[in-house]
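User: Could you walk me through this model, one question at a time? I have it open on my screen.

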Amino acid sequence: MRIALTSVFVDDQKAALRFYTDVLGFVEHRNVPLGEHSWLTVVSPESPDGPELLLEPAGHPAVQPYRDALMADGIPLAQFAVADVHAEHARLTAQGVVFTQPPTDVGMAVVAVLDDTCGNLVQLIAEKPAG
Amino acid sequence: MVDVFRALDDETRRLILDELSVRDGRTLFEICTLLLARHGRTLTRQAISQHLEVLQSAGLVRAERRGRAKHHYFDTAPLAQITARWPTTERTDP
């Protein structure tokens, strides 16, 4: 068994696709129209056959209170691995991305938390080489 | 209202204030991360949230929404009660 797809709820799929591709740097993988929404996924260019991230419409009434509560407490809903958190923080901040937590050394890794502008917080992590 | 002295009578709460004095305006998630990473404290988020409530009730921490996230700020004003009650003096060597 392997993880093929995971999802984040997004307020607006078009805006989410722009943020996840143009800003973060993922690539669109599937975009299948389904009535007013789409089955919309992105993948990392570093692993195009790797797990897909589904940008799922946030219309269900349970989604907003759930996400608002996590957002208020600064809790990220997804985590992406990067080579260098400080470099990503600089690159993304220059594009106007807001971080709720700047790069922080947590011993085994460096982490930071950003606002994806679609209603979620995302943690970036660069694990340190063992030893 | 929790008294300042009671709010300070706990090492976890003192560590939270230490971290806020290094950099103010942290989220609950960030405070949890720091307590674990820098101080080896494996408390639940709920427990840390309750510690923050005690600090807020004593007026030592203010929570403000910035965008959709809630950030916590250290307010040192209530600490003046301590020096007002027991003024500190410079110790001069004999």
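**Two chains, question by question**

Thr41(A) has its place in strand S3 (residues 37-43) of chain A. Helices (H or I, at least four residues) and strands (E, at least two) are DSSP runs, numbered from the N terminus. This is a predicted model, where local features need pLDDT of at least 70, side-chain atom pairs count only at pLDDT 80 or more, and totals for chains, interfaces and linings use all residues. Residues are numbered from 1 along each chain as its sequence is written, chains are lettered from A and ligands numbered from 1 in the order in which they are written, and side-chain values use heavy atoms, with hydrogens and water left out.

User: Happy to start there. Is Thr41(A) buried or exposed?

Analyst: Buried means under 20% relative accessible area, exposed over 50%, and partly exposed in between (1.4 Å probe, protein chains only). Thr41(A) has a relative accessible area of 0%, so Thr41(A) is buried.

User: With which side chain does the side chain of Thr41(A) make a polar contact?

Analyst: A polar contact is a pair of N or O atoms within 3.5 Å; within protein, one must be able to donate a hydrogen and the other to accept it, and residues adjacent in sequence count only if both atoms are side-chain atoms. Contact in the wider sense means heavy atoms within 4.5 Å. Leaving aside neighbours within four places in sequence, Thr41(A) is in contact with residues including Leu5(A), Val27(A), His29(A) and Leu53(A). The polar contact, at 2.8 Å, is with the side chain of Glu52(A).

User: On to helix H1 of chain A. Which residue has a side-chain oxygen that reaches the backbone nitrogen of Lys14(A) at the start of H1(A)?

Analyst: Helix H1 of chain A covers residues 13-23, and its buried residues include Leu17(A), Phe19(A) and Tyr20(A). Just after H1(A), Gly25(A) takes a positive phi of about 105°. At the start of H1(A), the oxygen that comes within 2.8 Å of the Lys14(A) nitrogen belongs to Asp12(A).

User: And which residue caps the N-terminal end of helix H3 of chain A?

Analyst: Helix H3 of chain A spans residues 85-94, and the capping side-chain oxygen lies 2.9 Å from the backbone nitrogen of His86(A). Just after H3(A), Gly96(A) has a positive phi of about 90°. The capping residue is Asp84(A).

User: Now the interface. What is the area buried between chain A and chain B?

Analyst: Buried area is the accessible area (1.4 Å probe) that two parts lose on being put together, summed over both. Here 18 residues of chain A are in contact with 15 residues of chain B. Ala72(A), Asp73(A) and Thr100(A) supply 31% of the area that chain A buries against chain B, more than any other three residues. Carbon and sulfur atoms give 57% of the total, which is about 1,400 Å².

User: How many salt bridges are there between chain A and chain B?

Analyst: A salt bridge is a side-chain nitrogen of Lys or Arg within 4 Å of a carboxyl oxygen of Asp or Glu. The side chains of Asp11(A) and Arg68(B) meet in one (3.8 Å, N to O). The count between the chains is two.

User: Which element gives the largest share of the side of chain A that touches chain B?

Analyst: Helix H2 (63-72), strand S6 (99-105) and strand S7 (109-115) of chain A are the elements that give two or more residues to this side. The largest share, five residues, comes from S6(A).

User: Turning to chain B, in what order do its elements run?

Analyst: Chain B has five helices and two strands. Its C-alpha atoms fill a box of roughly 50 × 25 × 20 Å along the principal axes. From the N terminus on, the order is α-α-α-α-β-β-α.

User: In what sense do strands S1 and S2 of chain B pair?

Analyst: Two strands pair if DSSP finds at least two bridges between them. Ala63(B) has His72(B) as its bridge partner in S2(B). In the hairpin, which has two residues between the strands, Gly67(B) takes a positive phi near 70°. Strands S1 (residues 61-66) and S2 (residues 69-74) of chain B have six bridges, and their sense is antiparallel.

User: Last one: how far apart in space are Ala84(B) and Ala69(B), C-alpha to C-alpha?

Analyst: Ala84(B) is in helix H5 (residues 80-85) of chain B. At 63% relative accessibility, Ala84(B) counts as exposed. Ala84(B) and Ala69(B) are 15 residues apart in sequence, and their separation in space is 35 Å.
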